[in-house]
Amino acid sequence: VHNGSDLSRIPTERTAQLRERLRLAPGTTLIGALGNVRAPKGYDLLLPAIAAMRARGDDVHLVIAGDDTGPLGDALR
């Protein structure tokens, strides 16, 4: 089930502000995950995938926003 967002509805100035705040280069791919950090969300698969992308030379940055106070949040940090 697709659970994405329509990125065309996000004002470009807000995107530019976020990228500037994160100090991202113009060509950096920004991936965001929003939700509580718990096992069913698959963060344990996402982090190695991001690492593999970086290892092959992809310029990618991951931002996770959500409650990470549980044991999985501790383990992933």
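Predicted model: local features only at pLDDT ≥ 70, side-chain atom pairs only at ≥ 80, totals over all residues.
Residues are numbered from 1 along each chain as its sequence is written, and side-chain values use heavy atoms, with hydrogens and water left out.

Threonine 28 counts as buried because its relative accessibility is 8%; buried means under 20% relative accessible area, exposed over 50%, and partly exposed in between, for a 1.4 Å probe and protein chains only. When its neighbours within four places in sequence are left aside, threonine 28 is in contact (heavy atoms within 4.5 Å) with Arg19, Asp59, Val60 and His61.

The loop between α1 and β1 also holds arginine 23, which follows α1 and has a positive phi near 60 degrees. Most residues other than glycine have a negative phi. Arginine 23 has its positive phi although it is not a glycine. With a relative accessible area of 77%, arginine 23 is exposed. Helix α1 itself lies largely in the open, because 1 of its 10 residues is buried.

Strand β1 runs parallel to strand β2 (residues 60–65), and 6 bridges join the two; strands pair if DSSP finds at least two bridges between them. In this pairing, leucine 30 stands opposite histidine 61 of β2. Together with helix α2 (residues 43–55), β1 and β2 make a right-handed β-α-β unit. A crossover is right-handed if, with the strands pointing away from the viewer, the path from the first strand over the helix to the second runs clockwise.

Helix α3 (residues 71–76) contains aspartate 74, which is partly exposed, with a relative accessible area of 49%. From aspartate 74 to valine 37 the C-alpha to C-alpha distance is 9.7 Å, and the two are 37 residues apart in sequence.

Of its 77 residues, 16% count as buried. Among contacts between residues at least 6 apart in sequence, 58% join residues at least 24 apart. The accessible surface comes to about 6200 Å², with 53% belonging to carbon and sulfur atoms; these areas come from the Shrake-Rupley method with a 1.4 Å probe, and for residues only the protein chains shown count as cover.

Key:
Helix = DSSP H or I, 4+ residues; strand = E, 2+ residues; numbered from the N terminus.
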